[in-house]
Amino acid sequence: MDKLIIEGGRRLEGEVAISGAKNAVLPILAATLLTSGRNEIRGVPRVRDVFTMIRLLRNLGARLESFEGDTIVIDSSGVNNPEAPYELVSTMRASCLVLGPLLARLGQAKVSLPGGCAIGARPMDLHIKGLQAMGARIELIQGYIHGTAEKGLNGNRIYFDTVTVTGTANLMMAAALSVGETILENAAREPEIVFLADVLGRAGANIQGQGTDVIIIQGAAALKPIQCRIFPDRIEAGTYMIAAAITGGDVEIIDCIPQHLEPLIHKLQEAGIQVEVGDSRLRVKGGNRFKSTDIKTQPHPGFPTDLQAQMMALMTLAEGQSIIVENVFENRFMHAAELVRMGAKIILDGHTAIVKGVGQLCGAPLMATDLRASASLVLAALAAKGESVISRVYHIDRGYEAMEEKLVRLGAKIRRVK
Ligand code: UD1
């Protein structure tokens with residue numbers, strides 16, 4: 001298994017370009033199952049989750065024509081297998097995004113339940129309830145969700161008890177290829193959901209309200225193949241912004257959408273870090289010291305849970321005490337114990353972490369536990385004194401395109417060993 005070796009203490013300087021958004025491309029790839037033809041998706045990041053989703057689509061009968069540069073061409077005419085097997089779903093929870101499209105397209109689906117993951121139980125009850133409301137019969141047999149809808153799905157009014165991103169995406173995709181009107185209430189408002197709605201709209205569904213918590217979908221009898229370009233990854237951009245701040249550097253983040261990063265921009269500025277906002281670029285200048293700031297994660301447009309771990313790394317070096325409340329997932333502080341091993345002062349109490357800033361972190365052997373936790377360890381290691389060795393970096397490869405190359409170009413001393 002690969003490891004990253006990071007020699008900390010270097011200021012990051014220069015420009016970094018942001019890749020396409022992982023959490024936008026995964027639902028779009030799943031949505032190709034709703035179409036029958038040649039789908040062309042540009043701006044695709046070369047990250048492991050994308051390759052896992054491609055494997056899954058091929059398993060279902062789609063044909064990958066090409067993946068050259070950042071463009072995927074995938075022909076979905078031959079989709080005929082309704083089964084998403086455990087070995088793929090267990091490595092990537094977002095595989096569950098094929099459930100709604102398979103039911104709508106084939107009238108049946110057999111999708112493995114993802115099970116627990118490092119950041120919590122993450123059930124699928126809301127996806128299932130919604131599909132049942134649309135007329136699907138669902139049974140859980142030997143760890144698999146077996147769904148049938150021989151006569152297709154019908155629109156209905158669906159209320160989500162909790163805001164769920166992939167739940168909203170799954171039901172929106174199912175509704176796009178069903179009969180009548182579906183109203184999703186308490187829907188997710190993430191940019192990735194707005195994008196999916198726009199793409200499905202261009203493919204022939206009539207979708208309104210995306211970006212608000214009520215989305216109304218008029219299903220179509222057939223959808224045209226998808227043509228789109230994925231927008232820049234806000235979590236990747238945010239991670240490099242924090243990298244600039246934590247190393248006291250001066251980094252220009254290019255090819256990004258600053259509006260998607262407002263919660264982070266606001267928090268960094270509150271901490272006394274300079275952030276200059278351009279049209280599609282951001283410049284972050286860190287100083288020697290910065291102040292603590294409190295964070296509460298929330299569904300969009302609140303502070304994203306996917307940047308909580310990285311912000312915690314930053315707060316370990318802030319002046320004063322920061323209170324971080326994780327409201328989205330029940331067990332998303334796995335990085336705290338590793339940061340403590342580097343000399344951070346963190347007390348955990350349920351969903352709350354109290355972080356007391358220290359003057360210096362020290363390099364250490366570290367273990368990556370999930371995607372964003374791993375990013376926080378990289379950030380801490382970049383700022384720490386001495387060498388850190390991060391193992392299980394496959395987590396990072398799931399969602400960050402060419403992270404070491406990008407960091408090296410900014411002046412970091414980081415290398416991968418096999
Ligand atoms: C998506 C993102 C992930 C991000 C998360 C929250 C993708 C591929 N992944 O994950 O990066 O961290 O949103 O912004 O886009 N829940 C239920 N029942 C359900 C579904 C969810 O109780 O049926 C709960 C979850 O346990 C969690 C909360 O709802 O506590 C939010 O989860 P959800 O928005 O569904 O996360 P994902 O869509 O899996």
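Biologist: How many salt bridges cross the interface of domain 1 and domain 2?
Modeller: The rule finds two there. Keep in mind that this is a predicted model.

Biologist: Which residue does D49 meet in a salt bridge?
Modeller: R398. The two side chains pair at 2.9 Å, N to O.

Biologist: And how many residue pairs are in polar contact between the domains?
Modeller: Six, with both residues of each pair at pLDDT 80 or more.

Biologist: Which helices each supply at least two residues to the domain 1 side?
Modeller: Helix 12, spanning 371–383, and helix 13, spanning 394–399. Helix 13 gives the most, with four residues.

Biologist: What residue types make up that side of domain 1?
Modeller: Ten are charged, seven are nonpolar and six are polar.

Biologist: Let's step back. Where are the domains in the chain?
Modeller: Domain 1 comes in two pieces, 3–19 and 232–417. Domain 2 covers 22–229.

Biologist: How far apart are their C-alpha centres?
Modeller: They lie 30 Å apart.

Biologist: How many residues are in contact on each side?
Modeller: Domain 1 puts in 23 residues, and domain 2 puts in 19.

Biologist: What area do the two domains bury between them?
Modeller: About 1,800 Å². Carbon and sulfur atoms account for 53% of it.

Biologist: Which residues of domain 1 lose the most area to domain 2?
Modeller: H300, R398 and E401. Together they make up 33% of what that side buries.

Terms used
Residues numbered from 1 in each chain as written. Predicted model: local features only at pLDDT ≥ 70, side-chain atom pairs only at ≥ 80, totals over all residues. Heavy atoms only, no water. Domains from an automatic or database assignment. Contact = heavy atoms within 4.5 Å. Buried area = accessible area lost by both parts, 1.4 Å probe. Salt bridge = Lys/Arg side-chain N within 4 Å of Asp/Glu carboxyl O. Polar contact = N/O pair within 3.5 Å; in protein donor to acceptor, adjacent residues only side chain to side chain. Nonpolar A, V, L, I, M, F, W, Y, C, P; charged D, E, K, R; others polar.
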